Structure formats: C-alpha cells, structure tokens
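Please keep the sequence and the model in view while reading.

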Amino acid sequence: MKPDRALLRSRALSRFDENLRARLAELESASLLRTPLEVRGATAPRIDVDGRPVLAFSSNDYLSLAGHPALRAALAEGARVWGAGAGASRLISGTQSPHREAERQLAAHVGLPRALLFGSGYAANVGTTQALVGREDVVLSDELNHASLIDGCRLSRARVLVYRHADVDHVASLLAEHRRHHRSALIVTDALFSMDGDLAPLADLRALADLHGAGLLVDEAHTVGVLGEGGRGACAQLGVRPDALVGTLGKALGLAGAFVAGSAELVRWVENRARSFVFSTAMPPAIAFAVPGALELARAADEGRARLLRHASAIRAVAARVGAPAPRAEGPIVPLIIGDPAATMAVSRALLERGFHVQGIRPPTVPPGTSRLRIVPQAGHTDADVDALVSALADTLSHD
Ligand SMILES: *Cc1c(COP(=O)(O)O)cnc(C)c1O
C-alpha cells in the first residue's frame, strides 16, 4: 500500500490534533511547555550548542564518564563481538554472556548477592515495585520519590501510603496502624532525592522495616558511583542493607540502563514477575559488555568524586545566598529554588546566553510554587568553570 501523499501534506488538523494543540497552548501560557536544548557534540562537561561552547550543569554524568575514550571503545568492541541488538526479552531468546557478567559485577559492586539488568532506571523501578507488592500488600512511599517509583506503586495495585518527605515518625505511625492488615509491606525511597539533593534517612527506615517485618527498596540512581568508598553507593556508605537496591548505569556510570540487586530469591522473583523485564527486549549487549569497564573507572575515581562534591559545595554556598533555602541538600545536586516557572525559565535562558546550561525544573517534576534551577557539577569541571558559574549566578539573580 502506498502512503497517501496528499494526506501527509494536508495542513488540516484532525479534531484530535486540534485538541492537543489547544492543550499545548495551555502549557505554553503557563510556562510549562518543555523543549530540549539541541546539543551537537558528545556528552561532556563542556557541550556544543549551535557551534558555541557551553558549560553543562544539568547532566547526571557526575564523573564525566559518558565521553570517556575507554567506554566508547568498550561499546564499539561490544557491538563488534556481540551484535547491535539483543533480539528479544532474555527469557525468550536467551541471555548473552555480557549481561550475566555485568550482573555479577554490579552485585559485587553494591555488596549484594545478585543483580538483574533493566533497559532503564524507569523500567527497573516500575517493574521491581510492581513485582514485589500486590493487592494484598501495603507500600509506603516518600512524597518526593521519583516518578518511576510512584508509577510502580500505582501499577502494583497495592495500598499506597505516601509519607511526608523523609519523616520517619510518619512512617512509624503508618506502619503501626496499617501493617497488620496486609500480607506484606514495602518502604520505597530515593537514596538521594533527585530534585532536592538530600539523603533519605536510610538507617532509620531500615530499623522500622525490621521492626515491622517490612521490605526496603532503595533507589540509588544518584548515588551509585558517587557516594561511598569506591562509589558503592549510599547504602554501602551508611552500612544499611536494602532488600532491593536499584542503581542506574546512565548517570555516574556514563552508559544507559539500570539494575536491581538483592538476595537470590528477590532477584529470581523480579526476573519472573517484573513486567518491564519480562515483556521488554534486553539491553543491547554492547552496553552490558561495557559495564565492567565503567565500574572499574568509577571505583578508581576517588579524586573525581572529591572534586565533584567540592564543586557542589561551592555552588550550594551561592545558591543559599541568592535562592530560597534548600537546607537539606548535601550531595552533588544543588537546587536553587526560584518559585515561579516563568521566572525560573528566564534565569535559565539568561544563563545559557552567558554560556551555562542550567535547566529550569518545573511542575509536575517538582511541586507547584517550587520551580527551580537544578545545578549539577561534574568531576570533569575545573575550579575555574565552577567559579565562572558562581559569578554568573550571583550576577543574574541579583539583577532581577
Ligand atoms: C533518573 C532516575 C531514574 C530513572 O533512571 P533512567 O535510567 O534515567 O530511566 C530513577 N530514579 C531516580 C531517582 C532518577 O533520578
């Protein structure tokens, strides 16, 4: 069948598209319409925007590994030997050796018995949460958890109790009241909150989970590679054993994809029951092949981690002067809260003019009235890069 060229050329909007156009216009007038910045070169601390060098302060490439020559070479070699795609879900077409090897190394890295790869952190969180609890169960979820955990809670059909951000007393009272009415209970939390940059009270949550016979799922998207000795993550740093640990490969590890780690039983269960694993094509083998090298680079990056955290402190000091207070942040993510979405985007545009990409973050990613700049330095930034950003922030925000 030939495509109908007249139809493809037709300018008339269907009623369905007309409706979408009106809804897009609403988003635009509320300053909530999003359009990504087009970047021409590789992911790096300094990116190419329209032929102009711009310092990247909005990537989660914390250790600046995404552009690392050894990782680029490993991906190329992985594709040469193992092919471009995996072909199907691993339960259907079989599992290739690089996936198994990556899982062994990831489990060892975070200090848990086993791990399972997913195509993305989004898929790992949705699938793991949905697999671990069901209709008879209750799940307790921090109000600032990542969207993927929220969606996993919804998909699980468990009773969802949302607790006030990092409020252990609230978790304790919810467990005391509800735990006994359910088959099992699961506490789910980001380790480092992605838009606020603060750490969850992991040791207290572990103690409460033990007291009530509940499980603990910790999302270490922003902490694997970043916190702990050798970048083993927040749980390792604090000596907290999670029942399920989700880590991503696309942030500090510079690749793409994610994993869940836990006991052999937990990982077997997730492998059988997580719909985003069972019904999804496996990660390309080249990526799995590159994982051991990424872990090796991350473990060797003590200096880079120290530099990253030093950069974040310097930026946090100026953010505290010119933005609304965000007192809890402590890791590599620096929120600078402005409030109004239009004002936030105006500052973001002004910074881009001056050569800094600092993305404005608006609802629904953050609650209404808390639009912000989310500033993320990298190990690959120099002190001079950060000094330049700090002066630009001070200038831009004290002039309006
Ligand atoms: C980025 C992120 C995810 C999703 O990971 P992707 O690999 O990007 O899909 C999950 N949880 C948190 C806290 C994140 O910041």
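Does Asp 50 count as buried or exposed? With a relative accessibility of 60%, Asp 50 counts as exposed; by the cut-offs used here, buried means under 20% relative accessible area, exposed over 50%, and partly exposed in between (1.4 Å probe, protein chains only). The model is predicted, so local features need pLDDT of at least 70 and side-chain atom pairs count only at pLDDT 80 or more, while totals for chains, interfaces and linings use all residues. Residues are numbered from 1 along each chain as its sequence is written, and side-chain values use heavy atoms, with hydrogens and water left out.

Asp 50 is located in the loop between β1 and β2; helices (H or I, at least four residues) and strands (E, at least two) are DSSP runs numbered from the N terminus. Its phi is near 55°, a positive value in a residue other than glycine. Ser 31, not a glycine either, has a positive phi of about 60°. Ser 31 belongs to the loop between α2 (15–29) and β1, and its relative accessibility of 22% makes it partly exposed.

The strands on either side of Asp 50 belong to an open sheet of three strands, ordered β1-β2-β11 with mixed pairing; two strands pair if DSSP finds at least two bridges between them. Because β1 (46–49) and β11 stand at the edges with a single partner strand each, one side of each is left without a neighbour in the sheet. Strand β2 (residues 52–56) runs parallel to β11 and is joined to it by two bridges. Leu 55 is placed opposite Phe 356 in β11.

On a 1 Å grid over the protein atoms alone, a pocket is an open set of points with protein on both sides within 12 Å along at least five of seven lines, a cavity is a set of points where a 1.4 Å probe fits but cannot get out, and lining residues have an atom within 4 Å of a point. Grid points are joined across faces, edges and corners, and a volume is the space filled by probe spheres set on the points. The second largest pocket holds about 370 Å³ of space. Of its 15 lining residues, Thr 35, Met 345, Arg 349, Gln 359 and Arg 362 are the closest to the centre. Two or more residues of this lining come from each of α15 (341–353) and β11 (356–357), and α15 gives the most, with four.

The largest pocket has a volume of about 950 Å³. It is lined by 42 residues, with Arg 34, Met 195, Ile 361, Thr 365 and Arg 374 nearest its centre. The elements that give two or more residues to this lining are α7 (147–156), β12 (360–361) and β13 (371–375). In the loop between β12 and β13 lies Pro 364, which a cis peptide bond with omega of about 5° joins to Pro 363.

The structure also holds one cavity of 30 Å³ or more. The largest cavity has a volume of about 80 Å³. Two or more of its lining residues come from each of β3 (114–118) and α12 (275–278), and the lining includes Arg 90, His 99, Phe 118 and Phe 277.
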